[in-house]
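Thanks for coming. Please bring up the structure.

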Amino acid sequence: MSRSSSQAVPCQTWLVARGREITCSERPLVMGIVNVTDDSFYDGGRYLDSERAIAHAIKLLEQGADILDIGAESSRPGAHPVKEEDELGRVVPVIAELARRTTVPISVDTTKSRVAQAALDAGASIVNDVSALRDDTAMASVVARCGAGVVLMHMQGTPQTMQTAPTYGEVVEEVMQFFKERMRVAMEAGIAQMNIVLDPGIGFGKLLKHNLELLNRLPELGMLDRPLLVGVSRKAFIGQLVGRSAEYREWGTAAAVALAVDRGARVLRVHDVGMMADVVKVAAAIGAATSSGRKAHDA
């Protein structure tokens, strides 16, 4: 079911640290991935050096990234945890330098409250937490105290176990209930609802059929009235469909990104910013033209 149906469109405003407002009203936004890691599934080790990570982030900005997402611990299936000191040493210098050189919002991809606090102090304004505030009980208070934006992602299990045997009775309903519960926890901790973005966690504790159903039924998750962030870039489910390794999944990614935009995604987290920025613009323009045409016809 496409967004052109009567399904709800997610809220298009996101508040982040330092009183900043991010709006997705004209088109969905592109979040560029910068992995300062040694074992991420696609680009692990390429940008482990701070200078290379910074140069890559600047390149993503030149290609059209609206947000930068900096992470120093892989969350791929089977990934090993990174020590807190190592994560701090990797991510903070990169964020500090990027904050000095750009005004684009910076997100830190972490589950650790101390890393989040250091990143926010260095200039980040968003915390992208794949555990949805579950792994570190202090994370919610850090986000609330700093007025940061936060991404709450659904994941069944942990990165070490999530793809062992994921099971659901009804995947969309279970993800919906998870979001409601995590939003309640976040707001009880003092995080404003307008600071929250929701990520269905494509590939995180899901089989191919779960990923496809979630993407097809994104409008239902949009009924929670928060922007939806979708990350499909080069993921394994695309490889299952096209029979290609991560290095050759850009076209499959483009198809998934376009359909996610059609179904209401407001932030698209991608590796290939230049290509996917074009995909987002075209998909959003077609959707807007269809909506405008219907309104004119109805009038």
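This is a predicted model: local features need pLDDT of at least 70, side-chain atom pairs count only at pLDDT 80 or more; totals for chains, interfaces and linings use all residues.

One definition before anything else: a residue is called buried under 20% relative accessible area, exposed over 50%, and partly exposed in between.

Now the overall picture. The protein chain has 299 residues, and 56% of them are buried. It holds 10 helices and 10 strands. The accessible surface comes to about 12,400 Å², with 52% of that belonging to carbon and sulfur atoms. As for contacts, take those between residues at least 6 apart in sequence: 71% of them join residues at least 24 apart.

Next, the sheet. Eight strands make an open sheet with parallel pairing, and the order across it is β8-β7-β6-β5-β4-β3-β10-β9. Its edge strands are β8 and β9, the latter covering 229–230, and each of these pairs on one side only.

Strand β8 covers residues 196–199. Which way do its side chains point? I196 and L198 point one way, V197 and D199 point the other way, and all of them are buried. The neighbour is strand β7, residues 149–153, which runs parallel to β8 and is joined to β8 by 4 bridges. Within that pair, M153 stands opposite D199.

Further along the order we reach β4 and β5. Strand β4 is residues 67–71, strand β5 is residues 106–109, and the two run parallel with 4 bridges between them. G71 has D109 in β5 as its bridge partner. Lying across both β4 and β5 is helix α2, residues 84–101, at about 175° to β5.

Between α2 and β5 there is a loop, and V104 sits in that loop. The C-alpha atoms of V104 and I67 are 5.9 Å apart, although the two residues are separated by 37 residues along the chain. What else does V104 touch? Setting aside neighbours within four places in sequence, V104 is in contact with R20, L61, A65, D66, I67 and L68.

On to salt bridges. How many are there? The count comes to 18 salt bridges. I will show a few of them.

R114 is at 41% relative accessibility, so R114 counts as partly exposed.

While we are in helix α3, look at S113, which is also placed there. S113 has a relative accessible area of 11%, so S113 is buried. Apart from its neighbours within four places in sequence, S113 is in contact with D136, A138, M139 and V142.

Another salt bridge joins E181 and R182, with the closest N and O atoms 3.3 Å apart. Are these two buried or partly exposed? E181 is partly exposed, at a relative accessible area of 30%, while R182 counts as buried at 8%.

Then there is R234 with D272, where the closest N and O atoms of the salt bridge are 2.9 Å apart. This pair links distant parts of the chain, 38 residues apart: R234 is in the loop between β9 and α8, and D272 is in the loop between β10 (267–270) and α10 (273–298). Both R234 and D272 are buried.

The last item on salt bridges is a network, which links E170, E213, R217 and E220.

To finish, something on the surface. Which residues form a nonpolar patch there? They are L212, L241 and V242, and together they have about 240 Å² of accessible area. Of these, L241 is found in helix α8, residues 236–242.

That is all I have.

Terms used:
Residues are numbered from 1 along each chain as its sequence is written. Side-chain values use heavy atoms; hydrogens and water are left out. Patches are made of residues with over 30% relative accessible area and no salt bridge: like charges are joined within 9 Å, nonpolar side chains (Val, Leu, Ile, Met, Phe, Trp, Tyr) within 5 Å. Accessible areas come from the Shrake-Rupley method with a 1.4 Å probe; for residues, only the protein chains shown count as cover. A salt bridge is a side-chain nitrogen of Lys or Arg within 4 Å of a carboxyl oxygen of Asp or Glu. Buried means under 20% relative accessible area, exposed over 50%, partly exposed in between (1.4 Å probe, protein chains only). Two strands pair if DSSP finds at least two bridges between them. Contact means heavy atoms within 4.5 Å. Axes are lines fitted to C-alpha atoms, for helices over the stretch in contact, and angles run from 0 to 180 degrees between N-to-C directions.
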